[in-house]
Amino acid sequence: MNTTRLRLIKDHLLAENQCSDMATLQGSPLTTHVLNTGEGIPGARMALSLHRLDSHLAVWNLLTTGTTNADGRCPDLINREAFIPGMYKIRFETGQYFEGLGQTSFYPYVEIVFTITDPTQKFHLPLLLSRFSYSTYRGS
């Protein structure tokens, strides 16, 4: 069973390059991909939101909301014109996601906070999660 899960995860990770090319054509400089590593499946239909910090007021401004697709991807978070240098966060509604699967989760939500200094680059922020753990990294 573990071999099957690992194969599914590997296939999804290898598919990122194909999806990144598609997102670039659509003009989105920021994409994400959620993988439920505990089950070996994409994190499909997970609600998320993108925020940017107003450094003068020290408050997070909501930029957009979305839901991951059947493959766990949300490729069009923000358009290139709105993507400026600053501090951002993506909030993933992990508790709701696991409730939808009939499971509980230790984490009601996960927030990934990151800084953009060069908005001309492409950024991909995957979220690998299970009910009791998560990790992320900066892809391209």
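Here are some worked exercises on the predicted model above.

Before starting, note that residues are numbered from 1 along each chain as its sequence is written, and that side-chain values use heavy atoms, with hydrogens and water left out. In this predicted model, local features need pLDDT of at least 70 and side-chain atom pairs count only at pLDDT 80 or more, while totals for chains, interfaces and linings use all residues.

**Exercise 1. The overall layout**

Find how many helices and strands the protein has, and the pattern they follow along the sequence.

Step 1: Take helices (H or I, at least four residues) and strands (E, at least two) as DSSP runs, numbered from the N terminus. The protein then has two helices and nine strands.

Step 2: Reading along the sequence gives α-β-β-β-β-β-β-α-β-β-β.

Step 3: Call a residue buried under 20% relative accessible area, exposed over 50%, and partly exposed in between (1.4 Å probe, protein chains only). Buried residues make up 41% of the 140 residues.

**Exercise 2. Strand S8 and its partners**

Decide whether the residues of S8 are buried or exposed, then find the strands that pair with S8.

Step 1: Seven of the seven residues of S8 are buried. One side carries Phe123, Leu125, Leu127 and Leu129, the other His124, Pro126 and Leu128, and both faces are covered.

Step 2: Strand S1 (residues 30-36) pairs with S8 in the parallel sense over seven bridges, and His33 stands opposite Pro126 in S8.

Step 3: Thr32 also lies in strand S1 and counts as buried at 0% relative accessibility. Its side chain reaches the backbone oxygen of Leu125 at 2.4 Å, a polar contact (a pair of N or O atoms within 3.5 Å; within protein, one must be able to donate a hydrogen and the other to accept it, and residues adjacent in sequence count only if both atoms are side-chain atoms).

Step 4: S8 and S9 run antiparallel, joined by three bridges, and form a hairpin with four residues between them. Leu129 stands opposite Tyr134 in S9.

**Exercise 3. Aromatic rings**

Count the aromatic pairs, then explain why Phe83 with Phe123 is called edge-to-face.

Step 1: Rings of Phe, Tyr and Trp (its six-membered ring) pair if their centres lie within 6.5 Å; planes under 30 degrees apart count as stacked, over 60 as edge-to-face and the rest as tilted. By this rule there are six aromatic pairs.

Step 2: The ring centres of Phe83 and Phe123 are 5.9 Å apart and the planes stand at 65°, so this pair is edge-to-face. Phe83 is in the loop between strand S5 (73-74) and strand S6 (86-92), and Phe123 is in strand S8 (residues 123-129), 40 residues apart.

Step 3: Phe83 is buried at 3% relative accessibility, and Phe123 is buried at 9%.

Step 4: For Tyr107 and Tyr134, the centres are 5.0 Å apart and the planes at 85°, so this pair is edge-to-face. Tyr107 counts as partly exposed at 25% relative accessibility, and Tyr134 as partly exposed at 38%.

Step 5: One aromatic cluster is formed by Phe83, Tyr88, Phe114 and Phe123.

**Exercise 4. Annotated positions**

Find where the residues of the UniProt annotation "binding site" lie.

Step 1: The annotation, from an unreviewed entry, covers His33, Arg73 and Tyr137. UniProt positions are given in the numbering used here, feature names are shortened, and annotations may be inferred rather than shown by experiment.

Step 2: Arg73 lies in strand S5 and is buried, at 4%.

Step 3: Tyr137 is in the segment after S9 and is partly exposed, at 34% relative accessibility.

Notes. Two strands pair if DSSP finds at least two bridges between them.
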